[in-house]
Each structure stands twice: as C-alpha cells, then as structure tokens.
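Look at the sequence and the model first.

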Amino acid sequence: MQTSLSRTQVTRKNVIRTKGGVVAAQNSRAAQIGAAVLAAGGNAMDAATAVSFAIGVLEPWMSGPAGGGAMMVWDAASGKAHAVTYAMRAPVELNPADYPLSGAGKNSDLFPWEAVVDDRNIMGATAVAVPGVIDGIGQAHARWGTMPWAELLAPAIKLAKEGLPVDWYAALVIAGATRELAKDPDAAALFLEDGQWPMINGWTSLSDKRVDMSGYAPSLTELAEQGYRTFYEGDLAQALVKDVRAKGGSLSMQDLRDYRATIADPLSFKRGDATFYVTPHLTAGPTMRQAFEALPEIGKGQPDADAYTGYAKALRHAYQQRLENMGDDGEVPKAPGCTTHFSVVDRHGNMVSMTQTLLSLFGSKVVSPSTGFLLNNGIMWFDPVQGKPNSLQPGRQCLMNVCPALGEQGERRFAIGASGGRKIVSAVAQLSSFIVDSGMDIEGAFHQPRLDMSAADVIIADDSLPADTIAELNKVARTVTTRRTVWPFAFACPAGVMREGDLNSGCTEIMSPWGDAVTEENSHDFA
C-alpha cells in the first residue's frame with residue numbers, strides 16, 4: 001500500500017517495572033485516576049471502577065454508562081479467575097418488523113448486514129439496546145471492591161464539570177462523525193459548533209477548548225449517591241427510558257429492571273505450561289481458545305515467518321468457526337469500533353481486564369438530554385434477516401467481539417484486552433502468544449508487529465514485517481501490508497499489565513496518542 005507516512009520515524013512507549021500497582025488504559029488521564037486510587041490504598045477493582053466512569057467522560061464516543069462489555073477478574077487471595085459479562089440486550093418490546101430491509105444492498109458500518117430502511121438498526125434511538133456496563137461494574141465492585149462507591153465516582157463527576165478538553169485527536173474523532181451527529185439535536189449541541197466539528201488552532205499549544213459535559217455530572221452524582229441500581233430502577237432509569245422512547249426507541253422500564261450482569265467461572269484452556277482464562281459464551285473468548293487449539297508450536301525468541309503463517313491459519317480457522325457456530329454472520333473492519341479497554345494490577349497481584357463499548361463510534365449518535373449519556377447502537381449487532389443464529393429478536397443477548405483475557409505461566413501473570421471490533425481477538429491472541437510462546441515481556445509483546453485476520457480472505461500485515469514473512473503469508477491468503485498509525489488503528493488498540501514475581505508493568509498500543517500505563521507512584525491526586 002502506497003503511503004506518504006515517514007519511514008524513519010520510530011514510536012515507542014516506555015515501560016516501568018514497579019512493586020506498586022499499574023493501570024494501562026486508552027486515555028492517560030483515566031489511567032492516572034486509576035493509579036491514584038491504587039496509591040490511596042484501593043485495589044484493582046476499585047481502580048477499575050474509577051477508570052470505567054472517568055474514561056466514559058474522557059472518551060465519550062468510545063464507551064460510557066449506556067454501553068455494554070465484559071471483564072476478567074483475578075482474585076489474588078483465592079487464586080481464582082472470574083468472568084463478568086454485561087452484554088447489551090435487545091429490548092423486549094422491540095418488533096423485528098420495524099426494521100424492514102431497504103433492498104439497497106449491504107449497510108456501510110461494522111457489519112455487512114442487508115441494509116435496513118433509514119438505517120434504523122445503526123443510528124438513532126431505534127438502534128439502542130439495553131445497557132449493561134453499570135450493572136456489571138456495580139456487581140463487581142460490590143463483590144471485590146474495598147473503597148466507597150461514591151468516592152470512586154467523584155473523579156468522573158469532577159471531569160464532567162470541567163468539560164472534555166479538545167486537542168487535535170479529539171477534534172479528529174469528532175470530525176469523522178460530524179454528519180451523523182448533526183442528525184440528533186442533542187448530540188449536535190454537545191459535540192458540534194454551529195453544525196461543524198470544534199476547530200482548534202493547530203499552531204499553538206495554548207488552546208483550552210472544551211466539550212461541555214456538565215449535563216453528565218448530575219447523572220453521575222445520582223449514581224454515586226443512590227448506587228448503581230438507580231440506573232435500572234430509579235429516577236435516572238425513568239429519565240433514560242423517557243428520552244429513548246421520545247426519540248422512537250423501544251427501551252422500557254421492564255428492560256432495565258430485569259437486567260442483570262452475570263458473574264461466572266471463566267472459560268479456561270492450556271497452552272503448554274501456560275493457562276488462559278477468558279470470557280465464555282457470546283464473546284470472543286471461545287474464538288481465542290479455538291485459535292490456540294489450531295496454532296502450531298511456536299519457538300522461543302523473535303517470531304519468524306512460520307510463526308506468522310501459523311497465526312494467520314489458526315485465526316482464520318477460529319473466525320470461520322465463529323461465523324458458523326456463534327451466529328456472527330461476517331463483521332468486517334470497515335468502520336471504527338467504539339470500544340475502550342483497560343487493564344489493572346495492584347501491589348497484591350489482583351488484576352482486572354475490562355472492555356466496555358457503545359459498539360459504533362459515538363454509538364447511535366444520539367444523546368439522552370435528561371441524563372447527558374451518549375447512547376449505544378447495540379441493535380446493529382443483530383442480523384436484520386430472520387431465521388439465522390444471530391437474527392434480530394426481542395430480548396436476545398448481543399454477540400460481542402470483546403476478549404478480555406488473563407494468562408499465567410510460571411511466576412508470570414498478565415491481563416490484556418483490546419478495542420477494535422472484530423480485530424480484537426487477532427490482537428489478543430498474538431500478544432498472548434508473544435508472551436507465553438516467544439517468552440516476551442509486556443514491552444516486547446506490545447512493540448512486536450502483528451497481523452489481522454478479521455477479513456477471512458485477506459491478511460492485513462504490519463509493513464515492518466520482513467519480506468520473507470510477507471511472502472509466506474501470501475501463500476496462505478492475499479496479504480496487504482499497512483502501517484501502524486495513529487488513525488485509523490489497523491491492528492486493534494490493546495492495553496495490558498503483567499506481574500512477574502512481585503514486579504508489575506504495563507503498556508498500551510504504541511501508536512495510541514492518548515493511551516498510557518501509569519504506576520501508582522506516578523499518579524496524581526484523584527480527589
């Protein structure tokens with residue numbers, strides 16, 4: 001692929017090893033908040049709770065209270081892993097007949113479903129599914145957290161009152177969705193300026209332009225004061241339902257009252273002397289296991305051409321199994337997914353690997369004016385054509401591509417995950433193999449080139465891979481090379497932490513301009 005990007009520029013992220021805790025997140029300020037919780041005596045779940053809410057303010061287009069996801073938890077005291085799943089669901093009052101096919105071919109977003117009239121399954125309140133994030137993090141905090149719930153939400157409330165700083169990256173993200181955001185008056189009022197994306201002076205570092213997130217603060221305050229179930233049963237729930245239904249959606253109080261995240265045993269599997277723990281059922285955890293079952297032995301040291309062709313074949317097999325058996329009828333990586341991932345390890349060895357999402361970038365492109373929440377478009381996860389494993393039906397759980405994972409091998413344990421839609425499992429599987437097969441640490445794994453197999457008939461390969469590796473990959477399938485860049489992310493956007501003995505470390509996608517791993521020693525006051 002021809003590109004004008006520099007061929008001599010080198011991008012790296014510094015990895016610090018510490019006996020203190022580490023938070024690796026897609027947003028540096030959110031990571032600082034989580035690390036400060038650790039420094040104040042909180043554990044990994046306390047930090048994850050604070051990060052979950054803070055990052056919903058700092059990356060509102062990626063995730064937030066009105067989304068869904070999953071997490072893996074390692075409880076060091078018991079030596080056990082737990083899977084927490086808080087997937088979105090189709091509303092019980094949803095009528096599939098309200099999503100007629102337009103006959104215009106495939107839609108243009110994350111999934112090649114048959115197009116629906118007015119894109120009702122992609123944008124607008126008709127695309128909103130039942131959110132799960134708040135119940136998931138609420139249940140997990142109640143079980144494993146140690147610090148007061150309200151104290152952990154305080155940083156997010158403060159951030160909402162201050163507003164979201166608009167730097168070049170935030171302006172770029174908003175600009176990419178301006179046309180769709182303009183269709184909802186509340187979304188336009190929140191993110192746009194006179195119908196256009198917020199402009200910043202590119203020649204100065206003194207700009208203090210902000211997105212006014214103050215409408216978010218009262219809702220977060222209500223959650224802090226009344227507890228997480230107020231999102232599903234209290235005044236906040238009623239306000240959310242009223243807003244969604246006023247804009248044409250089918251979300252009901254019954255949907256919210258009945259919603260419960262699940263805490264269960266994880267799916268576990270072996271790879272030599274290593275053990276993995278991933279989320280089961282309708283996530284990408286089973287797909288990751290299938291990839292490792294098909295992956296041949298990989299030797300220690302730098303992965304060679306045989307290793308990369310092994311990754312390509314194993315991942316292609318796993319994706320095919322997913323399509324045939326799990327009802328995911330062919331998501332393709334054409335549009336940016338709206339997901340964030342963060343991983344936490346504390347000084348005691350507890351770990352959290354957490355993924356939360358609105359699905360598409362900016363979700364449904366609709367804002368609930370009463371709550372300030374940007375709403376998900378989880379209905380797009382379903383095939384609008386009936387009679388298939390993943391067909392749109394009321395009350396059905398969404399099939400997610402999230403893949404938070406834990407791994408252990410000898411004295412090493414790690415927690416990783418990624419954002420990036422269907423690209424996620426390719427990234428998490430390769431990073432895991434780099435660690436357990438090639439013997440890399442978290443720094444080496446995150447700087448190692450990767451490939452993506454989310455389009456079954458095409459391999460997307462990092463153009464820094466050797467020519468002989470690219471030649472061998474072309475024997476497996478047509479291979480297209482591309483650069484690891486700031487935007488878009490060609491190979492998903494991972495974040496991970498590692499514990500070896502009593503030393504912790506962490507890293508995020510090296511090309512992410514906001515992502516960072518922050519140690520508790522380097523955190524700032526989160527109050």
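A residue counts as buried when its relative accessible area is under 20%, and as exposed when that area is over 50%. By that cut-off, strand E2 of this predicted model is mostly covered: eight of its eight residues are buried. E2 spans residues 68–75.

- Gly68, Ala70, Met72 and Trp74 point one way from the strand.
- Gly69, Met71, Val73 and Asp75 point the other way.
- Residues on both faces are buried, Asp75 and Trp74 among them.

**Pairing with E12**
- Strand E12 covers residues 351–360.
- E2 and E12 run antiparallel and are joined by seven bridges.
- Within E12, threonine 355 is the bridge partner of alanine 70.

**Pairing with E3**
- Strand E3 covers residues 80–86.
- Seven bridges link E2 to E3, again in the antiparallel sense.
- Tryptophan 74 has alanine 81 of E3 as its bridge partner.
- The hairpin of E2 and E3 has four residues between the strands.
- In that hairpin, glycine 79 takes a positive phi near 65°.

**The second largest pocket**
- The second largest pocket has a volume of about 550 Å³.
- It is lined by 18 residues, and the closest to its centre are Gln9, Thr11, Arg483, Arg484 and Met511.
- The lining of this pocket divides into six nonpolar, six polar and six charged residues.

Key
Residues are numbered from 1 along each chain as its sequence is written. This is a predicted model: local features need pLDDT of at least 70, side-chain atom pairs count only at pLDDT 80 or more; totals for chains, interfaces and linings use all residues. Side-chain values use heavy atoms; hydrogens and water are left out. Buried means under 20% relative accessible area, exposed over 50%, partly exposed in between (1.4 Å probe, protein chains only). Helices (H or I, at least four residues) and strands (E, at least two) are DSSP runs, numbered from the N terminus. Two strands pair if DSSP finds at least two bridges between them. On a 1 Å grid over the protein atoms alone, a cavity is a set of points where a 1.4 Å probe fits but cannot get out, and a pocket is an open set with protein on both sides within 12 Å along at least five of seven lines; lining residues have an atom within 4 Å of a point. Grid points are joined across faces, edges and corners, and a volume is the space filled by probe spheres set on the points. Ala, Val, Leu, Ile, Met, Phe, Trp, Tyr, Cys and Pro count as nonpolar, Asp, Glu, Lys and Arg as charged, and the others, Gly among them, as polar.
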